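Let's take a walk through this structure together, one piece at a time. Have the sequence and the 3D view ready.

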Amino acid sequence: MSLSGNPSLVLDNRALYLQKKAQLLSALKQQKDSTIGLNKATSNLFRHRLDKTKSQISLKDFNGVVSLDTENCLAEVEGVATYETIVDALLPHGHMPTVVPELKTITLGGATTGVGIESSSFRYGLVHETIAALDLLTSSGDIIECRPDNEHRNLFYGFPNSYGTLGYASKLTVKTHPVKKYVRLRHIRHTHYKDYFAELERYCKDKETYDFIDGVIFSSDEMYICLATFTDEAPYTSDYTGMNIYFRSLQQKEEDYISTRDYIWRWDTDWFWCSKFFFAQVPWVRRLYGRDRLRSTTYWAIRNFCSRYKITNLLEKISRQPKEMVIQDVEIPVQHSEAFMQFFQKHIGISPVWVCPTKVYDPNAQYSLYTMDPDRLYINFGFWDVVPTTHEDGYHNRLIEDKVEELKGKKSLYSTSFYSEEKFWKLYNRDLYEELKKKYDPQGKFKNLFDKCVGN
Ligand SMILES: Cc1cc2nc3c(=O)[nH]c(=O)nc-3n(C[C@H](O)[C@H](O)[C@H](O)COP(=O)(O)OP(=O)(O)OC[C@H]3O[C@@H](n4cnc5c(N)ncnc54)[C@H](O)[C@@H]3O)c2cc1C
């Protein structure tokens, strides 16, 4: 799409993108046999990533915002630009992407192929539904533009949930919307699942009143719906980037006001609540961390360190209590959400659980590797913890996989999966995937989706 001559083009780095693209293509031509890899600075992937070192030509410089058109509410963004970079570039112009995942280092390319979600998803759908076009680097070393209305439309619709196995996005066009200065929050407590999910569904139908809706389940008799609305004026603003902890405020306040920027990153400071594993919720330790280090990247760095030096394994051995990592996001149709939570509480027992509603934005768009029923509201449940176990590894994750299938839900693949190959392809559309693979990666230079998400 040409944006030239457009007075509402308030950011324009298109020449720089074209330059990077030309350099990449020329490097690829010179080194015909080199592996293409992302080689990103950050990651939010919870399964092991193999072959990192093999990457010779990387996309890591594709990390900026290319353009912003405030009139048409579209931004062109490079594939590995983090949402923190994108928000920093767009907010001064009064815009943000229509869906911004919670963690600052999630990238637009990663969230599009990895089925990202946030509290505006009840209005705009999952992250990939906010994308209008993408430039994909395919295994042949070409960059092709994929749009819903061109010859690569099947690849456009097949990219979400392909996790870099069909190509890497070097640029994406994302829909934006105007923002106001502040966000007003209301936290509504419920004590029964039935009422909770019924009310959540009712609020989600009211797209005029609310800009953002999510929630947290602390236990079977303590759960909150968080309704958020943009506002130009705020009587006060709370700050959850220092000593105060955002998720606790849900239990403490019925109403709150925060700046729009702080709302966007409200979950990053404490990595939802996972900062507890790093003692960052202990007041004196929190003070030692300091404001600048209270962010998801810090926890990632500590986690990677512990995992590299096998400290986690050592601690588990000392405690003599085997544990299974259960880090997942699943989407369940709202009418089965109560059943899911009853199961979850009985067999898994992790709390809190993050709750985020989402509905298909365009009923005519079928994303082939992650199909959803356009008539249903889905509830995303996010849970990230370890559970004590006496079973074989994967026991609890398998229980969840079976339950999600039984309740006609979907499971995202950014973390561990235990599906058999047959089951996996039944759930994630083998025929269409193979068609795309044959066309865009005939020599299998990129991994196969099953091998990448389950096999290793
Ligand atoms: C604890 C935790 C909580 C999470 N919570 C949320 C949440 O609340 N909301 C949410 O939206 N998501 C959440 N996620 C999931 C996250 O959005 C996905 O894991 C997403 O894929 C991460 O993107 P990334 O940019 O960090 O990519 P990475 O983690 O680096 O990579 C993820 C996958 O995407 C592929 N990929 C990355 N960039 C590109 C590209 N440009 N082109 C093609 N393929 C690419 C990689 O090959 C890899 O397979 C959570 C993850 C964790 C670990």
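In this predicted model, strand β14, covering residues 323–333, pairs with strand β16, residues 377–388, in the antiparallel sense, and eleven bridges join the two. To find one of these bridges, look for Glu324: its partner in β16 is Val387. Helix α13 (residues 395–406) packs on the sheet here, where it touches β14, β16 and β17, and its direction makes about 10 degrees with that of β14.

Now let your view widen to the sheet. It is an open sheet of eight strands with antiparallel pairing, and you can follow the strands in the order β13-β10-β12-β11-β15-β16-β14-β17. Which strands are at the edges? They are β13 (255–259) and β17 (410–411), each of which pairs on one side only.

Another helix to look for is α6, residues 193–205. Helix α6 lies across β10 (182–190), β11 (212–219), β12 (222–231), β15 (353–359) and β16, and runs at about 170 degrees to β11.

Helix α6 also has a helix partner. Two packed helices are described by the angle between their axes and the distance between the axes. For α6 and helix α12 (residues 337–347), the angle is about 140 degrees and the axes are 9 Å apart. The two helices are therefore oblique to each other, and their crossing is right-handed. On the α6 side, the contact is made by Tyr193, Lys194 and Phe197, while α12 brings Ser337, Glu338, Met341, Gln342 and Gln345. Sorted by type, the residues of this contact are three nonpolar, three polar and two charged.

Methods:
Residues are numbered from 1 along each chain as its sequence is written. This is a predicted model: local features need pLDDT of at least 70, side-chain atom pairs count only at pLDDT 80 or more; totals for chains, interfaces and linings use all residues. Side-chain values use heavy atoms; hydrogens and water are left out. Two strands pair if DSSP finds at least two bridges between them. Helices (H or I, at least four residues) and strands (E, at least two) are DSSP runs, numbered from the N terminus. Contact means heavy atoms within 4.5 Å. Axes are lines fitted to C-alpha atoms, for helices over the stretch in contact, and angles run from 0 to 180 degrees between N-to-C directions. Angles under 35 degrees count as roughly parallel, over 145 as roughly antiparallel, 65 to 115 as roughly perpendicular and the rest as oblique. A crossing is left-handed if the near helix is turned anticlockwise from the far one by less than a right angle, and right-handed if clockwise. Ala, Val, Leu, Ile, Met, Phe, Trp, Tyr, Cys and Pro count as nonpolar, Asp, Glu, Lys and Arg as charged, and the others, Gly among them, as polar.
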